[in-house]
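Thanks, everyone. Please look at the model on the screen, and I will walk you through its sheets and cores.

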Amino acid sequence: MAILKFSASAVAAQIAHARACKTFLPNWNGPVDRPALILIVGNGVHLRSNGIDGTTTRIVTTEQADPSFAFADGMNPFRDTDWMAQRRMAFRDLTGQFYTEILDDVQVLIDRGRGAIRLATDGHSIRVFVRRASDYLIGGTYEVPSGLGGTFRVILKDACDTFAIVQNCGNCEDFDAMQPYRVPLDALMEIDDRRVA
């Protein structure tokens with residue numbers, strides 16, 4: 001899982017463009033009849049409008065990027081020297097175009113005055129992520145996906161707006177002996193939160 005951070009004003013410009021268009025890029029299932037945002041993982045990582053108008057002939061591809069698109073922090077090939085490494089950390093070798101269902105949720109955050117939009121992605125699903133590091137209790141007990149199909153119970157040691165440092169606690173002895181490690185902030189689950197891991 002990765003958390004991507006975007007400038008709200010750049011995303012708002014892409015939403016405005018999508019809403020101003022009458023025709024839209026098709027998705028894998030065929031024609032699309034409404035505005036949407038597309039996440040492109042390729043030459044950088046960016047959000048762009050799905051709208052087609054007379055101002056551009058640019059087709060959505062993973063090879064091309066336009067400086068006007070809404071790039072994820074640290075993954076802008078026009079500005080960030082290590083964007084490839086950042087993209088690889090978030091998506092490994094996955095590239096592609098992903099139609100999203102987030103336009104209305106993102107618009108709500110923009111209307112509320114948020115300066116940044118954060119998206120959580122596991123490479124296949126994309127959703128708006130609204131929690132912040134301050135929403136979590138340092139020293140609190142949470143669960144995180146184990147990578148083995150279950151969850152680990154952990155103590156939160158530290159957190160920023162994208163990642164948390166956790167220590168296994170209350171699992172079997174071998175797992176609890178592991179050193180503290182980093183997980184995406186989105187991976188932290190309240191003990192009574194039964195999201196699918």
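Four strands make an open sheet here, in the order 6-4-3-7, with antiparallel pairing. Strand 6 and strand 7 (96-99) are at the edges with a single partner strand each, so one side of each has no neighbour in the sheet. A word on terms. Helices (H or I, at least four residues) and strands (E, at least two) are DSSP runs, numbered from the N terminus. Two strands pair if DSSP finds at least two bridges between them.

This is a predicted model, where local features need pLDDT of at least 70, side-chain atom pairs count only at pLDDT 80 or more, and totals for chains, interfaces and linings use all residues. Residues are numbered from 1 along each chain as its sequence is written, and side-chain values use heavy atoms, with hydrogens and water left out.

How confident is the predictor? pLDDT is its confidence in each residue, from 0 to 100. The protein has a mean pLDDT of 85, and 90% of its residues reach 70 or more.

Four bridges link strand 3 and strand 7, in the antiparallel sense. Leu39 has Phe98 in strand 7 as its bridge partner.

Now the helices. Helix 1 lies across strand 3, strand 4 and strand 6, at about 40 degrees to strand 4. Helix 2 (residues 83-91) also packs on the sheet, where it touches strand 3 and strand 4, and its direction makes about 110 degrees with that of strand 3. Axes are lines fitted to C-alpha atoms, for helices over the stretch in contact, and angles run from 0 to 180 degrees between N-to-C directions. Contact means heavy atoms within 4.5 Å.

Next, the cores. A nonpolar core is a set of buried Ala, Val, Leu, Ile, Met, Phe, Trp, Tyr and Cys residues joined through side-chain atoms within 4.5 Å. Buried means under 20% relative accessible area, with a 1.4 Å probe and protein chains only. The largest nonpolar core has 24 residues, and Phe6, Val11 and Leu39 have the most contacts inside it. Elements giving it two or more residues include strand 1 (2-7), helix 1 (8-20) and helix 3 (103-111). Helix 3 gives the largest share, four residues.

Which residues does Val11 touch, neighbours within four places in sequence aside? They are Phe6, Leu37, Leu47, Ala70, Val106 and Ile110. Another core lies apart, with 16 residues, among them Ile3, Phe129, Val144 and Leu156.

Strand 10 (residues 141-145) and strand 11 (residues 151-159) share five bridges. Tyr142 sits opposite Val154, and Val144 opposite Phe152. The two strands form a hairpin with five residues between them, and Gly147 in the turn has a positive phi of about 85 degrees.

Strand 11 also pairs with strand 12 (residues 163-168), again over five bridges. This hairpin connects through three residues. Here Val154 stands opposite Asn168.

Definitions and conventions
pLDDT is the predictor's confidence in each residue, from 0 to 100. Buried means under 20% relative accessible area, exposed over 50%, partly exposed in between (1.4 Å probe, protein chains only).
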